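Grab a pencil and work through these exercises with the model open beside you. Try each task before you read its solution.

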Amino acid sequence: MPSASTAAELEVQGGRLVVSGMLDGTMVKEFTEQLGSGTIHTVVFEDSFGGTAEAAGAFADAIRASGVQTEVRGQCMAACAYAFLAGKTHRFGYGLQVNGILLPVAQRPSAAELAVRWRGDDAHKTLAEFTPTSAKPVEASAPPAKDSSRDNWQPDHGVLFTASPTLFGRVYNTYYCDGTQGRDFSKCERLADADPYKLGVLTP
């Protein structure tokens, strides 16, 4: 995890709760309390570049329990992407920015695996790939893990879905990134027939 990365920050904007920075567990309690207030209808993840599997599970549990929608503005990687999928609906935000979401994978998925991997109520079970088999389920109130080395995922390794604005609407592309490219996602392998709407990563 890059040392320059900032911890998660929360900002309430009307009925929207904007989350930025790393999901490292420092804001889990406050995040859960905000969603429990009943005044938030959408969680917006904005330029969140990863975090720990434990924190991702805690954020996702709180989102799922409150039934809110989720949205991405800018980049949402690994831990952020996992929490994003817990929304009742999960969408890319509007605007002129390029939106991207990188969903962690342990290895390159086949076309058949992609088709079912993030669909339906079982989507959250993919987190099991990235936590020790002896780990207990993460509760929303769990404190942040002190040893992030327990997490098996790499922030830049996964399937990357992007949406770029054009004069004629947004262009969607999907890539497999093996982690060696760092933040230069132009080096990732482009995947054909991986529409994020068809795969359940984005909801209409």
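**Exercise 1. Which residues of helix 2 are buried?**

Step 1: Buried means under 20% relative accessible area, exposed means over 50%, and partly exposed is in between (1.4 Å probe, protein chains only). Helices (H or I, at least four residues) and strands (E, at least two) are DSSP runs, numbered from the N terminus.

Step 2: Know what you're looking at. This is a predicted model, where local features need pLDDT of at least 70, side-chain atom pairs count only at pLDDT 80 or more, and totals for chains, interfaces and linings use all residues. Residues are numbered from 1 along each chain as its sequence is written, and side-chain values use heavy atoms, with hydrogens and water left out.

Step 3: Pick out the residues. Ala53, Glu54, Ala55, Ala56, Gly57, Ala58, Phe59, Ala60, Ala62 and Ile63 are the buried ones in helix 2. That's 10 of its 14 residues, so the helix is mostly covered.

**Exercise 2. What covers the buried residues of helix 2?**

Step 1: Look at the neighbours. The cover includes strand 2 (16-20), helix 1, strand 3 (42-48), strand 4 (69-77) and helix 3 (79-84).

Step 2: Check what follows the helix. Just after helix 2, glycine 67 has a positive phi of about 70°.

**Exercise 3. How are the rings of phenylalanine 31 and phenylalanine 59 arranged?**

Step 1: Recall the rule. Rings of Phe, Tyr and Trp (its six-membered ring) pair if their centres lie within 6.5 Å; planes under 30 degrees apart count as stacked, over 60 as edge-to-face and the rest as tilted.

Step 2: Apply it. The structure holds two aromatic pairs. In this one the centres are 4.4 Å apart and the planes sit at 35°, so the pair is tilted.

Step 3: Check the cover. Phenylalanine 31 is buried at 0% relative accessibility, and phenylalanine 59 is buried with a relative accessible area of 0%.

**Exercise 4. Are tyrosine 172 and tyrosine 197 stacked or edge-to-face?**

Step 1: Read the geometry. Their centres are 5.6 Å apart with 75° between the planes, which makes the pair edge-to-face.

Step 2: Find them. Tyrosine 172 is in strand 8 (residues 169-178), while tyrosine 197 is in the segment after strand 9 (189-190), 25 residues apart.

Step 3: Tyrosine 172 is partly exposed at 30%, and tyrosine 197 is partly exposed at 34%.

Note on methods: Contact = heavy atoms within 4.5 Å.
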